[in-house]
Amino acid sequence: LGLLVVIVDDNAINRLLLQKLVQLHFRCEVVSREDGQTALELLARRLGSPQCPVHTIVLSDIHMEGMNGIELATQIRQRWDRCVVSIIGVTADHTAALHEQCLGCGMRAVLTKPVLAPQLLEAMNGVVRGL
């Protein structure tokens, strides 16, 4: 119960780095998945259970094999409201067009890799303050 952070990235090192950053600065449960489909399955299980977290933040890579971050965000928005799940995109692509596309599909923020602690803190604090 409380805050759940789900890190979705097909690169194990990126997942570990994000997990360490989140755990260093937030008191929350952190889990990670390597693709969008397994992240959706986790969300369906966790958000449908009696131990449902108060809020979930999904930190998702944009460019992944299979279901990419934009497809994942679209699926999440179709199933859950923003007050239940917030999505923050993570990408090495810093083009304005991609960032606009991410925000347009329901992400609250988009961070550019390499993600630095101040960027992550600002985005996550913005989500938490908006609850």
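Modeller: Start with contacts. Two residues are in contact when heavy atoms lie within 4.5 Å. Keep in mind that this model is predicted.

Colleague: Which residues does M107 touch, not counting those up to four places away in sequence?

Modeller: M107 touches I62, G69, I70, A73, R82, I87, G89 and C102.

Colleague: Where is M107 found?

Modeller: In the loop between α4 (96–104) and β5 (109–112).

Colleague: Is M107 buried or exposed?

Modeller: Look at the relative accessible area. Buried means under 20%. M107 has 3%, so M107 is buried.

Colleague: How far apart are the C-alpha atoms of M107 and V22?

Modeller: They are separated by 18 Å. Along the chain, the two residues are 85 apart.

Colleague: Now the sheet. What holds strands together in general?

Modeller: Strands of a sheet pair through backbone hydrogen bonds, and the pairing is either parallel or antiparallel. Here, five strands make an open sheet with parallel pairing, in the order β2-β1-β3-β4-β5. β2 (29–33) and β5 are the edge strands, each pairing on one side only. On average, neighbouring strands are turned by 20° against each other, direction ignored.

Colleague: How many bridges join β1 to β3?

Modeller: Six, between residues 3–8 of β1 and residues 55–61 of β3. Take V5: its bridge partner in β3 is I57.

Colleague: Which strands does helix α1 touch?

Modeller: Helix α1 (residues 12–25) packs on the sheet and touches β1, β2, β3 and β4 (85–91). The direction of α1 makes about 170° with that of β2. Helix α2 (residues 36–47) lies across β1, β2, β3 and β4, and runs at about 145° to β2.

Notes. Residues numbered from 1 in each chain as written. Predicted model: local features only at pLDDT ≥ 70, side-chain atom pairs only at ≥ 80, totals over all residues. Heavy atoms only, no water. Helix = DSSP H or I, 4+ residues; strand = E, 2+ residues; numbered from the N terminus. Buried < 20%, exposed > 50% of the residue type's maximum accessible area, 1.4 Å probe, protein only. Pairing = 2+ DSSP bridges. Axes fitted to C-alpha atoms, helices over the stretch in contact; angles between N-to-C directions.
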